[in-house]
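Have the coordinates open while you read.

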Amino acid sequence: MSDTPELDQVADARRKLAAYAGFSRSYWTLYGIALVLMAGIPIWMSFLPEAAAGIQWVLLAIGLASAAYSVNQRRRTGVQLPRRISAYPSARRVWVVVLAITIASVAGMYALVGSGQRVIALVVLIPVAAIIFAGQVLTRAKMRDDIAAGRVLT
């Protein structure tokens with residue numbers, strides 16, 4: 001028998017499991033760069049209209065790299081956490097807010113570029129990407145908190 005009470009063992013196991021919900025610094029660095037590139041698509045297309053046909057391949061490559069990283073992390077750790085945001089109650093609200101900000105900012109970028117305000121769109125790009133990035137980090141932190149507290153819905 002262990003000297004540690006059973007509830008403490010469960011809490012410790014949840015904390016260890018929550019550690020697997022985090023991403024490495026290299027992932028977050030690459031994600032931040034990809035976020036600026038993706039959020040600035042309207043701007044880049046206005047500067048390089050001939051490259052517009054290749055944008056979908058860049059987005060596909062980013063999506064595939066992200067999926068491969070997720071699969072690799074699951075295979076390496078053996079931890080199968082729910083992928084749906086609805087499984088993490090406290091992260092859901094943050095995710096919805098970040099999603100709304102993302103949609104509004106992309107629409108705003110297209111509107112600015114469409115009205116010929118590329119420089120303003122370029123200036124706005126960095127703070128918008130920083131806000132979205134911070135929201136993603138906060139969402140992931142809320143997911144870890146839910147795992148550690150045992151609030152994950154299956």
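1. Is threonine 139 buried or exposed? Threonine 139 is buried, at a relative accessible area of 4% (buried is under 20%, exposed over 50%, partly exposed in between, with a 1.4 Å probe and protein chains only). Its place is in helix H6, residues 118–149 (helices are DSSP runs of H or I with at least four residues, strands runs of E with at least two, numbered from the N terminus). Beyond its neighbours within four places in sequence, threonine 139 has contacts with Ile85, Ala91, Val94, Trp95 and Val98, contact being heavy atoms within 4.5 Å.

2. A word on ground rules. This is a predicted model, where local features need pLDDT of at least 70 and side-chain atom pairs count only at pLDDT 80 or more, while totals for chains, interfaces and linings use all residues. Residues are numbered from 1 along each chain as its sequence is written, and side-chain values use heavy atoms, with hydrogens and water left out.

3. In the model, residues 93–113 are 100% helix and 0% strand, with end C-alpha atoms 30 Å apart. For residues 119–138 the end C-alpha atoms lie 30 Å apart, and the span is again 100% helix and 0% strand.

4. Next, the packing. The largest nonpolar core has 9 residues: Tyr27, Trp28, Tyr31, Leu35, Val94, Val98, Val128, Ala129 and Ile132 (a core is a set of buried Ala, Val, Leu, Ile, Met, Phe, Trp, Tyr and Cys residues joined through side-chain atoms within 4.5 Å). Helix H2 (25–39), helix H5 (89–114) and H6 each give this core at least two residues, and H2 has the largest share, with 4. Another core, of 8 residues, lies apart from it, and includes Ala18, Tyr88, Ala91 and Ile147.

5. Leucine 35 is worth a click: leaving out residues up to four places away in sequence, leucine 35 touches Ala129, Ile132 and Phe133.

6. Finally, the aromatics. Rings of Phe, Tyr and Trp (its six-membered ring) pair if their centres lie within 6.5 Å; planes under 30 degrees apart are stacked, over 60 edge-to-face, and the rest tilted. That rule gives 6 aromatic pairs. Tyrosine 27 and tryptophan 28 are edge-to-face because their ring centres are 5.6 Å apart and their planes at 80°. Tyrosine 27 counts as buried at 17% relative accessibility, and tryptophan 28 is buried with a relative accessible area of 17%. Ring pairs join Tyr27, Trp28, Tyr31, Tyr69 and Phe133 into a cluster.
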